Amino acid sequence: MLFSDLVFLFFFLPLFFLCTFIFKNSIPAKNMIILAFSFVFYAWGEPVYILLLILSIAVNYAAGLLLDMAGNKSRRKAVLVGAVIFNLALLGFFKYIGFIIENINVISGLALPVPEIELPIGISFYTFQIMSYVIDMYRSEVKVQENPLYLGAYLVAFPQLIAGPIVRYQTIAEELEERSVSTEDFAYGMRRFIIGLSKKVLIANQAAVVADGLLSGGIEITSFGAAGAWLAMIAYSVQIYYDFNGYSDMAIGMGRAMGFHYLENFKNPYQADSASDFWRRWHISLSTFFRDYVYIPMGGNRVPVHRWIFNMLTVWLLTGLWHGASWNFILWGLYFGVILIAEKFLLKYRPKIKALNHITALFIIIIGWTIFRCESLSLISDTLLTMLGASGLIDLKSLYASGTLNLLYITAIICGIAGCVPAIRTTLPSKLRARPGGATALDIGLIMALLLSIAVLARGSYNPFIYFRF
Amino acid sequence: MKDRIFIAVVCSILLIFFLASPVIAALSVWGPLDALNTKNLFVTEKIYGGDTPASALLNTVEETKTFLRNVYINCIPFYDSLVSSVQSAEMSMLRVTDNVVRPILTRDSVSVLQNDSGADDTSDKTDKTGGGSETQKEEPPPVDYYSIFLGGNGRPNFYAIEPLKVLERVEGARDKELEKLAERQLRHIHRLREATPGINYYIYMGTRLQESAIFNDLITGADSTLPYLEFFIDCLDSDIKFDYMRMDTPEDRVNKSFRTDHHWNIFGAYEGYQQIINMMYEDSPEIGRPVEYEIIQVPDIKWFGSLGSTIGHNDMGYADNFHILDTSSLPRYGGNNYRINDMLASFMNGEFNKFGVGFDYYAAYNPPQDKYVFPDNDTGRNLLLLGDSYSWSITTIIASHFDRTYCHNRPWTIPADVTYDYRELIAENEITDVLILLYSSRLLFGYDGTDFARMLTD
């Protein structure tokens, strides 16, 4: 089930909040409701893999108890290592085993059977999330959670179960035991949810039509010329940001409406003036996870230069790999690893021209998205070369045939780009809010956005003829 | 706006949908509403086999999901209004872009001989017993046809053609890929033919506009697939007979295919039937000549077919009438439960016109059947018909020329990814003739599950 699903909006969410309202004064009841509804949410897509979730909760719950009981440092370390190996083995098996065997076959010439394992939804997110609990327990940064249902509610809470943010246990540990939801919290949560839904439905989904039409449609990217290739990658850049950021907004909004204060996952990443700055603003929960649990334990930057470079490349290799079991993701991770290493040495020499630095950063980011989006090395090189003009400037006929030259989609992309400009994103709403009736106008705008999103979702659900396949 | 008021408004909106949808669903099942019949058809996607409590539980989960989708998508209040308003906005935006881009791409306007005046013309086809355009005695004024790009991602794209007032679906694959696909289809048809000696093979293609010589006169910005049809005909073995529905004029396009659906209408299909039987008669006169059937219009049916409804371009105002054959003279048959004359009576009695413009009348009137037995025939000939939804509208009347007819439609009879060796079926059932009756994308390129490579296991 997705947040942008009509069944979620009109059945699941109202029913959930009705139930939590009925039991609003009972934390155990509310946590049980979160657990139950989250299992239902997950079962909508993958009922069988609920068993995997339960297994993960059980093993890590036991690990937490053992860490709490074990006084001996070596025993604690053994428990930690065991738990981390279990979690990574689970993730490794479901996500990477096929990729590993494929590459063994390529390198060795063997013909080992490649297992076709369906990837459990959200496994990358919830595995990292539960590892943060175990590691923080080992570091004595959090207290043990003795109630397995509470731990389960933390791990599987549906707002962040399938698409993050990766919520550290310490962020919401106290709120699991004691929380309340004020009118302001609930209203904030609703507003944030609607903003996220609008970003996803009205901007990301429309930009996706352009990106997919040009990159995955029936016509090769090289047919479109440089203009088409740049349009594809700008559309994709808008799509991925508003999709992911929209989801995070919805997760944070729903969390707040439930009484949880999740941390921000994005901070206007396309305002970055360097790749390093970009990664302080993009998917913050993932980058901080790798920083706190991989980079710093490896020594961070308090090591000789060659060792630091190794640490950086390791972290970025893992970052790429986390995103997917495919060479383009690894390449993407290493691409940013190299860029960030280079920036460490070279940033101080760049001219202090804000606009130039910003454009350079955007160029680096978009090239990165090209590597991220294109699933094969040949498509990566085709797209990059086409962006550089190798296939001419523009082929209007091919662009027209691709179905992407629609004012609706172009308008959505322009709105997406405008939404990244600070003056429009924050200054304008702030000024409007400060005026008499401004806050009301903004809320009316949100309600209109909700209704428009519902209409667009209804239109997207309309597929009356399965016979059309005939 | 105060927080409480904001919460109240948002919660009210969600609660209205939460509460009203099941009420609308209940009224659709037990009351006067019809929300469930005319929209999306949700089916249970996964079925777990085995007789265990676990599989029973999982199947219950899947059925619950289907139920909730039906209630909270099909039955939400104002669903039709929401969908059509967004469709209208999409259309308006498309027209703006189209008006800017198309003139840049348009070739010289083409004047053609015949003038078409719109959807109402289909009502003039009553009593017409054969397809084909009539010869014009006077030259009408020239017509400038033009296409409006409606949407799609290249495979396929959708267009409206004015002033013909038809919708068209166009494949947009690259040249090299289409050539490879056509060559592959030919290779495997020949393999099948060689593996089954002594059987007569016939191929009939349901033509789309894209294979016709008039395609580029009517649609701008897309490529014709006529070269691939010509390639196919040139490379086909001479002992396999081939014919196809002619679409030589814009009038043919209107007369022989639906305006808003991707299928041929009964005029095109009946002409196809005549061509097929004539083709087979040359080898096997015992099957007889094509039978003359009257074409009649089903009253009070106006519908938007697959192209109109699925893409969401009902706003174009195009619509189709629905015609069928009077098959009351058809001999008795068995082998399946489809009683075509009962269906004919139901349609003519108005039992189907209640379903509204979105209902698929073509598929409802012509459900696919696996087997036909005409016990009173004594031709000594048995047919294997490898078809798709194009064949459904004339399977019964084709089968009436044979003793037994076996019908396979990929990917429904046999899933697209399964290889089914036809030699055994042909031998076991004493098949004497094989007819491949597919629409062009399937025949020429193997699209949508009709990959001839999967007709033999070696």
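Reader: How much area is buried between chain A and chain B, and what share of it do carbon and sulfur atoms give?

Author: About 6200 Å² is buried between chain A and chain B, and carbon and sulfur atoms give 71% of that area; buried area here is the accessible area (1.4 Å probe) that two parts lose on being put together, summed over both. This is a predicted model, in which local features need pLDDT of at least 70 and side-chain atom pairs count only at pLDDT 80 or more, while totals for chains, interfaces and linings use all residues. Residues are numbered from 1 along each chain as its sequence is written, chains are lettered from A and ligands numbered from 1 in the order in which they are written, and side-chain values use heavy atoms, with hydrogens and water left out.

Reader: And how many residues does the contact take from each chain?

Author: Chain A gives 60 residues and chain B gives 76 residues, where contact means heavy atoms within 4.5 Å.

Reader: Which residues form the salt bridge across it?

Author: The rule finds one salt bridge across this interface, and in it Asp3(B) pairs with Arg191(A), with the closest N and O atoms 2.9 Å apart. The rule asks for a side-chain nitrogen of Lys or Arg within 4 Å of a carboxyl oxygen of Asp or Glu.

Reader: Which helix of chain A gives the largest share of the side that touches chain B?

Author: That is helix 20 of chain A, with 14 residues; helices (H or I, at least four residues) and strands (E, at least two) are DSSP runs, numbered from the N terminus.

Reader: Switching topic, where does Thr432(B) sit, and what is it in contact with?

Author: Thr432(B) is in the loop of chain B between helix 14 (422-428) and strand 13 (433-439). Leaving aside neighbours within four places in sequence, its contacts are Gly198(B), Ile199(B), Asn200(B), Gly380(B), Arg381(B) and Asn382(B).

Reader: Why does Thr432(B) count as buried?

Author: Thr432(B) counts as buried because its relative accessibility is 18%, and buried means under 20% relative accessible area, exposed over 50%, and partly exposed in between (1.4 Å probe, protein chains only).

Reader: Then Glu116(A): buried or exposed?

Author: Glu116(A) is exposed, its relative accessible area being 79%, and it lies in the loop between helix 4 (73-108) and helix 5 (123-138) of chain A. From Glu116(A) to Phe94(A) the separation is 22 residues in sequence and 9.4 Å in space, C-alpha to C-alpha.
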